[in-house]
Amino acid sequence: MAINDPLPEHPAPDTPPGKLVLLRHGETEWSKQGKHTGLTDIPLTPRGEDLARAAGELVTGYDFALILTSPLERAKRTAELAGLDAEVDPLLVEWDYGGYEGRTTREIRAELGYNWSAFTHGVIRGATPGETVEEVAARASRVLTRVLPAMAVGDVALVAHGHFLRILTAVFLRLAPRFGAQITLNAGSVSVLSFYREQPAILSWNYGPELPLVPSES
């Protein structure tokens with residue numbers, strides 16, 4: 001993916017006081033089935049729309065200086081239903097899964113004969129080139145160079161996708177991108193990152209109208 005966004009004129013501040021609020025888009029038919037949904041542009045289900053509205057209720061108390069959304073419809077619609085006037089940022093698109101787009105982890109593991117995961121083994125070329133986890137992390141890093149200065153004057157919301165937001169969180173926490181494999185995000189969930197005693201920290205994670213009973217499959 002071509003990166004055309006300019007870097008900021010000034011470096012990010014040390015421990016900005018604002019919060020970074022992450023909204024994963026609401027449920028889609030593919031997320032409900034556990035299918036890898038990268039660049040395929042599919043709509044929210046009715047439940048996904050309800051989850052987006054519920055997410056909006058959770059973030060009413062924040063003072064947003066910047067709100068960004070992925071250009072994919074499921075994220076833009078989530079922002080709209082959440083009551084967020086979001087600017088589209090192409091860097092917020094989901095991981096390009098290449099040849100594993102639209103397939104479940106169970107299907108891929110049955111084909112390969114071992115316990116494959118995108119974080120551990122990567123993806124293959126398909127109708128789209130695919131991305132490495134490091135390439136997704138590079139996009140996330142570019143987003144954070146824009147986000148952190150804005151957190152000096154207010155809160156920031158990012159409306160995007162499960163794997164991308166998990167990797168962005170790893171980058172924010174100054175950990176390896178593959179740390180994202182150890183944290184899951186449910187459709188329509190809200191998470192909050194901030195700084196605590198000079199360290200990047202998770203203030204709230206995977207919060208939604210109900211506690212998850214099993215890890216998200218997408």
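What radius of gyration would a compact globule with 218 residues have, and what does the chain have? A compact globule of 218 residues would have a radius of gyration near 17 Å, and the chain has 16 Å, which agrees.

**Figure 1. The whole chain, shown as a predicted model.** The C-alpha atoms fill a box of roughly 50 × 35 × 30 Å, taken along the principal axes. The chain holds seven helices and six strands. In sequence order, these elements follow the pattern β-α-α-β-α-β-α-α-α-β-α-β-β. Of the 218 residues, 49% count as buried. Among contacts between residues at least 6 apart in sequence, 71% join residues at least 24 apart.

**Figure 2. The surface and charges of the chain.** The chain exposes about 10,600 Å², and carbon and sulfur atoms supply 52% of this area. There are 20 positive and 27 negative side chains. The centres of these two sets lie 5 Å apart.

**Figure 3. Strand E1, residues 20-24.** Five of the five residues in E1 are buried, so the strand is largely enclosed by the rest of the structure. In a regular strand the side chains alternate between the two faces of the sheet. In E1, Leu-20, Leu-22 and Arg-24 lie on one side, while Val-21 and Leu-23 lie on the other. Both faces are covered, and these residues are all buried.

**Figure 4. The strands that pair with E1.** E1 pairs with strand E4, residues 155-160, in the parallel sense over five bridges. Within this pairing, Leu-23 stands opposite Val-159 of E4. E1 is also joined to strand E5, residues 190-196, by four bridges, and these two strands run antiparallel. Here the bridge partner of Val-21 is Val-192 in E5.

**Figure 5. Helix H7, residues 162-172.** This helix is mostly covered, with ten of its eleven residues buried. The buried residues include Gly-162, His-163, Phe-164 and Leu-165. Just after H7, Arg-174 takes a positive phi of about 65 degrees.

Figure 6. Phe-172 is found in helix H7. Is Phe-172 buried or exposed? Its relative accessibility is 4%, so Phe-172 counts as buried. Leaving aside neighbours within four places in sequence, Phe-172 is in contact with Leu-20, Leu-144, Leu-148, Leu-193, Ser-194, Phe-195, Pro-200 and Ala-201. Gly-98 is 74 residues away from Phe-172 in sequence, and their C-alpha atoms are 26 Å apart in space.

**Figure 7. Thr-15 and Asn-206, two residues with positive phi.** Thr-15 is not a glycine, yet it has a positive phi of about 50 degrees. This residue is placed in the segment before E1. With a relative accessibility of 26%, Thr-15 counts as partly exposed. Asn-206, also a residue other than glycine, has a positive phi near 55 degrees. Asn-206 is found in strand E6. Which term describes Asn-206, buried or exposed? The relative accessible area of Asn-206 is 11%, and the cut-off for buried is under 20%, so this residue is buried.

Definitions and conventions
Residues are numbered from 1 along each chain as its sequence is written. This is a predicted model: local features need pLDDT of at least 70, side-chain atom pairs count only at pLDDT 80 or more; totals for chains, interfaces and linings use all residues. Side-chain values use heavy atoms; hydrogens and water are left out. Buried means under 20% relative accessible area, exposed over 50%, partly exposed in between (1.4 Å probe, protein chains only). Two strands pair if DSSP finds at least two bridges between them. The radius of gyration is taken over C-alpha atoms; the globule rule is 2.2 Å times the number of residues to the power 0.38. Contact means heavy atoms within 4.5 Å. Accessible areas come from the Shrake-Rupley method with a 1.4 Å probe; for residues, only the protein chains shown count as cover. Lys and Arg count as positive and Asp and Glu as negative; His and the chain ends are not counted. The place of a charge is taken as NZ of Lys, CZ of Arg, CG of Asp or CD of Glu.
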